[in-house]
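Thank you all for coming. I would like to walk you slowly through one structure this morning, so please have a look at it on the screen before I start.

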Amino acid sequence: MIELNGIYKLKQIKGLNSNTDYEYKVIAINKEKTMVCCEQIEGFDAGERFVFMIECLLDPEKPDDIYFGEIIRKD
């Protein structure tokens with residue numbers, strides 16, 4: 001379960017070469033618990049704030065659920 005003040009990594013996108021392992025601290029959750037505001041706590045953009053859908057964060061209760069979407073290319 002994603003909680004306020006918790007520290008989480010983002011799920012990866014299949015086929016994307018620039019996935020990161022940065023950690024984010026949840027600083028706000030909307031009333032519906034569908035969106036979170038996070039502060040990046042490491043990396044080049046440390047201190048920056050971002051808004052994510054809650055399902056973009058890795059949930060420690062679901063360690064095998066590591067992907068959010070997939071890059072599909074039409075050649």
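This is a predicted model: local features need pLDDT of at least 70, side-chain atom pairs count only at pLDDT 80 or more; totals for chains, interfaces and linings use all residues.

Residues are numbered from 1 along each chain as its sequence is written, and side-chain values use heavy atoms, with hydrogens and water left out.

Met35 is found in strand β4, where a strand is a DSSP run of E with at least two residues, and a helix is a run of H or I with at least four, both numbered from the N terminus. Together with Val51 and Met53, Met35 forms a nonpolar patch on the surface, with about 250 Å² of accessible area together. Such a patch is made of residues with over 30% relative accessible area and no salt bridge, nonpolar side chains being joined within 5 Å and like charges within 9 Å; a salt bridge is a side-chain nitrogen of Lys or Arg within 4 Å of a carboxyl oxygen of Asp or Glu, and accessible areas come from the Shrake-Rupley method with a 1.4 Å probe, only the protein chains shown counting as cover for residues.

Now, which strands form the open sheet, and in what order? Four strands form it, in the order β1-β3-β4-β5, and the pairing is antiparallel, two strands being paired if DSSP finds at least two bridges between them. Because β1 (7-9) and β5 (49-53) stand at the edges with a single partner strand each, one side of each is left without a neighbour in the sheet. Five bridges join β3 (residues 23-29) to β4 (residues 35-40), and Lys25 stands opposite Glu39 in β4.

Leaving aside its neighbours within four places in sequence, Phe52 is in contact (heavy atoms within 4.5 Å) with residues including Leu10, Tyr24, Met35 and Leu57.

Finally, for the chain as a whole, there are zero helices and six strands, and of the 75 residues 20% count as buried.

How values were computed. Buried means under 20% relative accessible area, exposed over 50%, partly exposed in between (1.4 Å probe, protein chains only).
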